[in-house]
Amino acid sequence: MASREEMADFLESAEKRAFKQAWYAVQNEDSALDIVQDSMMKLADRYPHAPAAELPLIFQRILQNTIRDFYRRSKARRFVSTLLSSLIPTREEDDSLDPLETLDVAADEAHSNPEQWCARKETAVLIESSLQLLPARQREAFLLRYWEGLDVAATARVMGCSEGSVKTHCSRANHTLAAILAQKGVTL
């Protein structure tokens with residue numbers, strides 16, 4: 001059973017990664033923040049006595065369901081607003097999240113070898129922009145497996161699909177990312 005401190009530590013450690021997953025999915029900073037906050041509140045409210053080892057899986061499932069709920073609500077809102085205001089042009093929000101702001105790099109690392117640091121930072125930005133080009137299910141599987149470090153079975157439970165589907169999504173995501181990065185001159 002997770003104590004309050006363990007729950008707080010888990011939420012703090014998962015916050016940035018969860019935000020990135022939500023942002024990749026919805027492409028809007030405010031909505032991504034709302035999704036992460038809602039997911040964290042649901043975890044803390046509904047699963048205060050869950051074992052600490054199960055918190056990552058439970059949280060990922062809640063996060064993915066909250067993202068799907070966001071899409072459902074957005075679709076319903078768009079439908080209603082289209083009916084009511086089809087003649088009024090919509091104003092798009094500014095989605096100017098700078099991916100460079102989210103890179104965590106030690107300050108002394110930049111000074112020790114600036115060329116290598118700059119190259120790694122550019123590669124990270126290319127990878128982030130390439131992730132956004134993946135289909136949603138491939139991106140979800142890729143992030144859960146390789147970013148969150150979940151195994152195939154856990155990823156399948158979070159995504160609500162078979163283990164074979166997870167393997168297929170990850171394989172396709174890897175091949176697509178490798179091709180995109182190769183076109184841009186990046187070899188890993």
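Buried means under 20% relative accessible area, exposed over 50% and partly exposed in between, with a 1.4 Å probe and protein chains only.

View 1. Welcome to a predicted model, in which local features need pLDDT of at least 70, side-chain atom pairs count only at pLDDT 80 or more, and totals for chains, interfaces and linings use all residues. Residues are numbered from 1 along each chain as its sequence is written, and side-chain values use heavy atoms, leaving out hydrogens and water. Of the 188 residues in the chain, 34% are buried. The chain exposes about 11800 Å² (Shrake-Rupley method, 1.4 Å probe; for residues, only the protein chains shown count as cover), and carbon and sulfur atoms supply 54% of that area.

View 2. Among contacts with a separation of 6 or more, 67% join residues 24 or more positions apart (contact means heavy atoms within 4.5 Å).

**View 3. The cysteines C161 and C170.** Zero disulfides turn up in a search of the whole structure (a disulfide is a pair of cysteine sulfur atoms within 2.5 Å). For C161, the nearest cysteine sulfur is that of C170, 9.2 Å away. C161 is partly exposed because its relative accessibility is 21%, whereas C170 is buried at 3%.

**View 4. An aromatic cluster.** W23, Y24 and W147 form one aromatic cluster. The structure holds five aromatic pairs (rings of Phe, Tyr and Trp, the last by its six-membered ring, with centres within 6.5 Å).

How values were computed. Phe/Tyr/Trp six-rings, centres within 6.5 Å; stacked < 30°, edge-to-face > 60°.
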